[in-house]
Every structure is written in structure tokens, then in C-alpha cells.
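Please consult the sequence and the structure alongside the text.

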Amino acid sequence: MTSSSARPARPSDAPATPTPTAAASGRASGKAILLGEHAVVYERPALAIPLSALQVRADVRRSSGPSLLHSALYDGPLAAAPPRLGPTAMAAAAALEVVGATGDSIDLRIESNLPAERGVGSSAAVAAAVVRAVTAAYGIVLDAAEEHEMIQRAERVAHVAPSGLDAHAVRAGAPIWFEGGAVSPVVVAAPLTFVIADTGVAGRTREAVAGVRARHDEDPAGTTALLDELGELTRDARAHLAAGDARSLGAVMDRGHVALDLLGVGDPTLDELAMTARAHGAWGAKLTGGGRGGCILVLARDDESAAEVAGALRAAGAAATWTTTVEATT
């Protein structure tokens, strides 16, 4: 039996020496977890949406000197990049390895409007863009499984034991259902407008994950009940998306925010922004991602309402807001 982990042969595998082009680019978008964060670690489902308003672009060309990285966070030799950019360095190394060019030097430039450490998939999106740029420079197109694994290698540097959700979500371009490590599409009956608001406080994902684990050890029954509730809310959200019921979806988001608060991953700033969004007519609002900082995800009634909500959130102290649309799939 052939191992499922074996890399499928591609026509581009044939050349013994890869021949890079002069330059190439790769792009990826951010993501938000609509429902299911933390619960997904405990075998419950999660539902993620793309954030087309948040984009990463990576440009790469072959270099004759040491590999260099140019970004808003760091500019210098790739080998000397700070630990927080370890996932980016790993993405570049993994991509060079898969194309058979580990000895090559590259000049890598990254432009992104994704806020880092805010639960919107920054590390995974940057990794995806880098992998796509490097492989494109060598004329190689990875299949979905290969590309996912390259991003996961970078995500393991960022998060140690990532679920794989972010690596799938930043590639998807449409909402996805993630359960048991498998991904499936989600039916969206009508377009939806979301506002993402950055609290300005870095999320503490590792701390939050460890806190939920400790809570589960100390109170398995109570924690399991909350995780089960989050799982059911995620299933409800999928049904409301398929029915085009934005009002009910917003109510589910509100309940999800409360459950995550009870799970211990909330933050007063997140609560304040969520309440502000609801007070200005949003259908619903919740924290998204690891929590204890980061961003909130708001479901607006329409584009006009989204503009009002975004303004109110900035007035309430949000460091930045973005508005994005999830298109209908039917």
C-alpha cells in the first residue's frame, strides 16, 4: 500500500536542477473563526470565514548574497530574523526544500495589512503567501495537501500543535467547516457584511489554550458542557448561513461570545467593543481567535450599518477596523 504521506509526482519534479524565474509573487488573505475556537481543540467543529479585506503579498527573487527578508517588522538577513518571524523563515525554508533548492539564497519582501497576534491568521497567511511565491519562482504548483503541509510546518513554529484550521482557512477563499481534521465547504445563502475590530491588545493564544486545558483538568464536567455548547452553536451557525438568516446567526455569535467568556478566554476590552457593536445595531458580535485580546468579529445588518458600527468601534477605542463581505455560495 502506498503511504498517504508520500508527495505525489508532478511534471515539475523531473528537472534535477530547479530553474527559478527572475521573480514571483504569492498572496493570501486573513481568516476569522465565526464559531468554534478552542472547542475545535477538543474535537468539536469550527466554522471559519475568509477576510478578504486583510491581505498578505510576498515577493521573492533569487539573490546572490545571503537570504534577506524585508517587512514592516524586520529588515535584514533572513537567518537573523527575530523569533516572532520564525514561522516566516520556516515557510521560506520549507518551500525551498520542496522545490529542491535548499542551497539557494532569496530576497523576500512581505507587505501585509493583517495585524499580528490578533487571531486573524496572520502567521498562516504570511506562510501561505511565502510558500506560493517561492514555489511560483521555481515554476512549481503544489497540490492542496502539499501546500497545506508547508503552511503547517510554519504554524508549528508559531503555535507548537496547531489544529490545522488556520492553514486551511487562509487558503480557502470561502467559508469552511472544520471537524476531525477534515475540511468541507459551507453553504452561504446570502452575502454577509462583517466588521473586524482590533482591540489593540495582542491576543495571548498559548496562554488561553493552556488556561482552557487547566480548566478542563480541574472541572471536566463544567468545561465539557461549555465545549459542547460551542459545538452546538457552531452547527446552528452553519444552518443559519444555509438559510440566509443573518439575525439568528448574530444571536448565535452573541451566545458564543458569552460561552468563550465563561471558558476563561475573554477580555474586558473585547467585551466593551462587542457591546458597542450591538448598541449600534449589529446583528451580533464576538471575540474571534484565541482570545484574551485580539479582535472581535461583528455581523452588520448591511454596508451602511457596517460603516456606522465601524465608526462607533473606533470611537470606543478600537485600534483599527476593517469591513469585509462573505459572498453567497448558491
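A crossing is left-handed if the near helix is turned anticlockwise from the far one by less than a right angle, and right-handed if clockwise. The model is predicted: local features need pLDDT of at least 70, side-chain atom pairs count only at pLDDT 80 or more, and totals for chains, interfaces and linings use all residues. Residues are numbered from 1 along each chain as its sequence is written, and side-chain values use heavy atoms, with hydrogens and water left out.

**Helices α6 and α7**

- Helix α6 (residues 220-243) passes helix α7 (residues 246-263) in a left-handed crossing; helices (H or I, at least four residues) and strands (E, at least two) are DSSP runs, numbered from the N terminus.
- Their axes lie 9 Å apart, at an angle of about 165°; axes are lines fitted to C-alpha atoms, for helices over the stretch in contact, and angles run from 0 to 180 degrees between N-to-C directions.
- The pair α6 and α7 is therefore roughly antiparallel (under 35 degrees is roughly parallel, over 145 roughly antiparallel, 65 to 115 roughly perpendicular and the rest oblique).
- Residues of α6 including Leu226, Leu230 and Leu233 meet a set in α7 that includes Leu249, Val252 and Leu260, where contact means heavy atoms within 4.5 Å.
- Twelve nonpolar, four polar and three charged residues form the contact of α6 with α7 (Ala, Val, Leu, Ile, Met, Phe, Trp, Tyr, Cys and Pro count as nonpolar, Asp, Glu, Lys and Arg as charged, and the others, Gly among them, as polar).

**Helices α1 and α3**

- The axes of helix α1 (residues 86-98) and helix α3 (residues 144-159) come within 8 Å and cross at roughly 150°, which means that α1 is roughly antiparallel to α3.
- The crossing of α1 and α3 is right-handed.

**Nonpolar cores**

- Leu34, Ile49, Leu108, Val130 and Phe194 touch the most other members of the largest nonpolar core, which has 68 residues; such a core is a set of buried Ala, Val, Leu, Ile, Met, Phe, Trp, Tyr and Cys residues joined through side-chain atoms within 4.5 Å.
- Helix α2 (residues 122-137) supplies the largest share of this core, eleven residues.
- A second, separate core of 28 residues includes Val195, Leu260, Val265 and Ala285.

**Valine 56**

- Valine 56 belongs to strand β2 (residues 46-63).
- Valine 56 is buried, because its relative accessible area is 0% (buried means under 20%, exposed over 50%, partly exposed in between, with a 1.4 Å probe and protein chains only).
- Beyond residues up to four places away in sequence, valine 56 touches Ile110, Leu114 and Val126, among others.
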